[in-house]
Amino acid sequence: MRRPDPLPSWDDLVALGREHGLEHLGVAPADVLARARHALHARKAAGLHAGMGFTYRNPDRSTDPQRAVAGARSIIVGARPYRLADEPERPTEGAWGSVARYAWSDHYAPLRNGLQAIARRLRRSDHRAVVFADDNSIVDREAAYQGGLGWFGKNANILIPGAGSFFVLGSVVTTAEYPASELVADGCGACRRCIDACPTGAIVEPGVIDANRCLAWLVQRPGSFPVEYRTALGDRLYGCDDCQTACPISVRRGPRVA
């Protein structure tokens, strides 16, 4: 009978994650994500979700790690950068349009690979470990906040100190227990560039997005595109990242911060 491996140290997991491009890792306790649960219910009741499913479909499930993995003790949350140094070359003739940075390539496949490497290592220590990325089982931004990766910017994205928001996020929910990371204090201050840059005024208050106006959602939502936002749509074919490109923290990527 195989003996389980010793539980890897946190430094071991950080090193393993970085081998797979996960620049930032943190730990959140596997408790109910109460803040996110309240926000999802409140915004859904106010109609700000604009029919969006995902974590709005079942907020109680999406904010309870125990429903994802019974007996979970920790959420290991990772961030992998997706901001590219140069935009793809634009055609010199014919029609063309803009695509948001997060859709320039599949960033979730390598993110999942890195998280799966961590999960496999934890399983060798006889712990349950399940990966969730771009999945409605866990509110990944709240997990990232609780895991000390960054703070919620006024554009509702997680801002990582010195690095900004050009990251994809994912989690490993596990029965292994690691000390929770310290929360990161708000770093936006009085800056409101993301609010002013939104072409439709979708950021109705700091950290609150009205999806009925958000171009990133409207280009995906079934049905015809709203007439009142067609001018604001401009040349966008998919997505909108104006609130990110306006953010001075996201634009000036600083040194790597663990």
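# Reading the labels in a predicted model

User: Where is Thr174 found?

Analyst: Thr174 is found in strand β7, residues 167-174. Keep in mind that this is a predicted model.

User: What makes Thr174 count as buried?

Analyst: Its relative accessibility is 0%. Buried means under 20%. So Thr174 counts as buried.

User: Which residues does Thr174 touch, leaving out those up to four places away in sequence?

Analyst: Thr174 touches Ala72, Arg73, Ser74, Ile76, Leu122, His127, Arg128 and Ala129.

User: How do you know that the side chain of Thr174 and the backbone nitrogen of Ala176 are in polar contact?

Analyst: That nitrogen lies 3.0 Å from a polar atom of the Thr174 side chain. The cut-off for a polar contact is 3.5 Å.

User: Strand β7 has a partner. What makes β4 and β7 a pair?

Analyst: They share 5 bridges, in the antiparallel sense. At least two bridges are needed. One example is Val130, whose bridge partner in β7 is Val173.

User: Why is β4 called largely enclosed?

Analyst: Of the 5 residues of β4, 4 are buried, so the rest of the structure largely encloses this strand.

User: Which elements cover the buried residues of α5?

Analyst: The cover includes α1 (10-19), β1, β2 (74-81), β4 (129-133) and β7. The buried residues of α5 are Leu111, Gly114, Leu115, Ala117, Ile118, Ala119, Arg121 and Leu122.

User: Now the rings. How many aromatic pairs are there?

Analyst: The count comes to 4 aromatic pairs. Tyr102 and Tyr238 form one of them, with 6.3 Å from centre to centre and 65° between the planes.

User: Why is the pair of Tyr102 and Tyr238 called edge-to-face?

Analyst: First check the distance: 6.3 Å is within the limit of 6.5 Å. Then check the angle: 65° is over 60 degrees. So the pair is edge-to-face.

User: What parts does this pair tie together?

Analyst: Tyr102 lies in the loop between β3 (98-99) and α5 (108-123), and Tyr238 lies in strand β10 (residues 236-238). The pair therefore ties together parts that are 136 residues apart in sequence.

User: Why do Tyr102 and Tyr238 count as partly exposed?

Analyst: Tyr102 has 27% relative accessibility, and Tyr238 has 33%.

User: What makes the pair of Tyr145 and Phe152 tilted?

Analyst: Their ring centres are 5.7 Å apart and their planes stand at 45°. Stacked needs under 30 degrees and edge-to-face over 60.

User: Is Tyr145 buried or exposed?

Analyst: Tyr145 counts as buried, at 15%. Phe152 counts as partly exposed, at 27%.

User: Why is Leu33 called buried?

Analyst: Leu33 has 4% relative accessibility. The cut-off is 20%, so Leu33 counts as buried. Leu33 is found in the loop between β1 (24-29) and α2 (34-45). Beyond its neighbours within four places in sequence, Leu33 is in contact with Ser62, Thr63, Val139, Glu142 and Gln146.

User: What makes Gly234 exposed?

Analyst: Gly234 has a relative accessible area of 53%. Exposed means over 50%. Gly234 is found in the loop between α9 (230-233) and β10.

Terms used: Residues numbered from 1 in each chain as written. Predicted model: local features only at pLDDT ≥ 70, side-chain atom pairs only at ≥ 80, totals over all residues. Heavy atoms only, no water. Phe/Tyr/Trp six-rings, centres within 6.5 Å; stacked < 30°, edge-to-face > 60°. Helix = DSSP H or I, 4+ residues; strand = E, 2+ residues; numbered from the N terminus. Buried < 20%, exposed > 50% of the residue type's maximum accessible area, 1.4 Å probe, protein only. Polar contact = N/O pair within 3.5 Å; in protein donor to acceptor, adjacent residues only side chain to side chain. Contact = heavy atoms within 4.5 Å.
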